[in-house]
Amino acid sequence: PRSAILNRMAWAGLNKDDFTLITSYENMHYTKPSPKYYLEIAALLQVDPKQCLMIGNDPDFDIKPSAAVGMKTYLVDQSCTGLDAEKQCGRVADIPEFLQTLTADSSREGY
């Protein structure tokens, strides 16, 4: 439920007002791992899924279904010793570097 999610966010030091959308069972029709969950998020944000990046730690619940709808993905995987831009995985600390690779790619590919 949304109340539990908001409590977890507060424990992590996150401010709910910093987010455009916080998904919960109260406002969504689908859940992970349904690709429709990711399509619904993109629709609610009024963006093309191809303009989205899913950062997650579960290949089956986060990466595969979001990639299936055209989202870029990044797997947080502690077994990666550093950023692997080709496999699109790394540690949390590698995310800023990965975002730089996306920025460089987008300027070449006309995103």
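Okay, a definition to start: I'll say two strands pair if DSSP finds at least two bridges between them. Strands themselves are DSSP runs of E with at least two residues, helices are runs of H or I with at least four residues, and both are numbered from the N terminus.

A word on where this comes from. It's a predicted model, where local features need pLDDT of at least 70 and side-chain atom pairs count only at pLDDT 80 or more, while totals for chains, interfaces and linings use all residues. Residues are numbered from 1 along each chain as its sequence is written, and side-chain values use heavy atoms, with hydrogens and water left out.

So, the sheet. We've got an open sheet of 3 strands in the order β1-β2-β3, with parallel pairing. Between β2 and β3 the parallel pairing runs over 2 bridges, and if you look for L75, you'll find it opposite C89 in β3.

Now the helices. α3 lies across β1 and β2, and it runs at about 165° to β2. That angle is between N-to-C directions on a scale from 0 to 180 degrees, using axes fitted as lines to C-alpha atoms, for helices over the stretch in contact. Contact here means heavy atoms within 4.5 Å.

Then there's α2, residues 35–45. Which of its residues are buried? They are Y37, Y38, E40, I41 and A42. Buried means under 20% relative accessible area, exposed is over 50%, and partly exposed is in between, with a 1.4 Å probe and protein chains only. Those buried residues of α2 pack against β1 (53–56) and α3 (59–68).

Most residues other than glycine have a negative phi, and most peptide bonds are trans. Against that background, have a look at three spots.

P33 is in the loop between α1 (2–11) and α2.

Just after α2 comes Q46, with a positive phi of about 60°. Q46 sits in the loop between α2 and β1, and it counts as exposed because its relative accessibility is 73%.

The last one is Q88, which isn't a glycine but has a positive phi of about 55°. You'll find Q88 in the loop between β2 (72–76) and β3 (89–90). Is Q88 exposed or partly exposed? At 29% relative accessibility, Q88 counts as partly exposed.
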